[in-house]
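Please read the explanation below alongside the sequence and the model. It begins with the ligand site and then turns to the backbone.

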Amino acid sequence: MAKIKPSKGAPYARILGVGGYRPTRVVPNEVILETIDSSDEWIRSRSGIETRHWASPEETVAVMSVEASGKAIADAGIEAGQIGAVVVSTVSHFQQTPAIATEIADRLGTNKAAAFDISAGCAGFGYGLTLAKSMVVEGSAAYVLVIGVERLSDLTDLEDRATAFLFGDGAGAVVVGPSQEPAIGPTVWGSEGDKSEVIKQTVPWTDYRDGEVEKFPAITQEGQAVFRWAVFEMAKVAQQALDAAGITSDELDVFIPHQANVRIIDSMVKTLKLPEHVTVARDIRTTGNTSAASIPLAMERLLATGEAKSGDTALVIGFGAGLVYAATVVTLP
Ligand SMILES: CC(C)(COP(=O)(O)OP(=O)(O)OC[C@H]1O[C@@H](n2cnc3c(N)ncnc32)[C@H](O)[C@@H]1OP(=O)(O)O)[C@@H](O)C(=O)NCCC(=O)NCCS
């Protein structure tokens, strides 16, 4: 049997830089009230959301991704040509093929980086981060760009009371590269396909094409079922990620959960018994739920406002449609 040379990677991986892009248009709750019977007070108190951003036709998935990635690459202090792989997590890019990652890799000026899209809903960032870490440590890429990007306004039924107020658009990106010390902990991740009905696209595209439904497909959910699952099951997963990383909540500086509902965030903080000193991301208030983009967007904002700082230890957890989830402890860039 011929001897195959093993690939050579870095000892460990870390997040080296982060960047975000929020569309120019800010949409207050008043706009949502034009199409559903609700109130600003109800939306704020039940979800925490005050405003969200909606993309213009020009703010495409590629445009938002390139903006966010440019900032992440600059923040990491590397050149685009050093990036070996581009992973784009999205559920709202409307062209099936080719993957949008290839166009983004080209526009950024990478040197023919490997590029592909993944679909893991609101856990998409954690899934991408886990792949990136493996690539850096295994040696198939020196630097990996992970992008979470959504135009959920394209997949929102503005007449659906359960979801019209929830979703927003935006892109967040990180550069993952080599490290001499562990800076991305073990990922606790999984899927529960038996609960796939609780968050999903209303109907397949083909039903719309074939005239079986009049309304363009949108994301629909059983709010209470998702809420209960997130509060009870995801707090356990978050704890498992802390345990796997060997970190106690006292040692934690920052908690960046998926921005789905401020009451879910508050409840997880309580269940995890996070100490007062832990900074908690509540970016949902002005960003809404941006699915795969929500964690890197929240991370970027905490660092930009000084609420978190480089080198802080952060617990990140994403969860959503699938159902899927991914949690890990990281050192902030
Ligand atoms: C969507 C969500 C905010 C709804 O909050 P809730 O407290 O569960 O609301 P319910 O659906 O139980 O409805 C409670 C009441 O509010 C009413 N209501 C529902 N939507 C409303 C709206 N948009 N405006 C005003 N009232 C509304 C209901 O009719 C109900 O009234 P009733 O008590 O008279 O029957 C909440 O379930 C949630 O955030 N779920 C998770 C969402 C999520 O994270 N999704 C993304 C996946 S990661």
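The model is predicted, with local features needing pLDDT of at least 70 and side-chain atom pairs counting only at pLDDT 80 or more, while totals for chains, interfaces and linings use all residues. Residues are numbered from 1 along each chain as its sequence is written, and side-chain values use heavy atoms, leaving out hydrogens and water.

Around the ligand there are 23 residues, of which S38, R46, Q221, Q224 and N261 come nearest; a residue belongs here if one of its heavy atoms lies within 4 Å of the ligand. By class, this shell has 11 nonpolar, eight polar and four charged residues (Ala, Val, Leu, Ile, Met, Phe, Trp, Tyr, Cys and Pro count as nonpolar, Asp, Glu, Lys and Arg as charged, and the others, Gly among them, as polar).

The side chain of W42 has an N or O atom 3.4 Å from a ligand nitrogen. For R46, a polar side-chain atom is 2.7 Å from a ligand oxygen, and for N261 an N or O atom of the side chain is 2.5 Å from a ligand oxygen. The protein covers 72% of the 960 Å² of accessible area that the ligand has on its own (Shrake-Rupley method, 1.4 Å probe).

Two or more shell residues come from each of α2 (40-47), α7 (223-245), α8 (262-271) and β13 (313-320), and α7 gives the largest share, four residues. Helices (H or I, at least four residues) and strands (E, at least two) are DSSP runs numbered from the N terminus. Because domain 1 (12-179) and domain 2 (188-331) both give residues to the shell, the ligand lies between them; the domain bounds come from an automatic or database assignment.

A cis peptide bond, with omega about 0°, joins T97 and P98, and P98 is in the loop between β4 (83-89) and α4 (100-108). The bond from G322 to L323 is also cis, with omega near -10°.

Methods:
A polar contact is a pair of N or O atoms within 3.5 Å; within protein, one must be able to donate a hydrogen and the other to accept it, and residues adjacent in sequence count only if both atoms are side-chain atoms.
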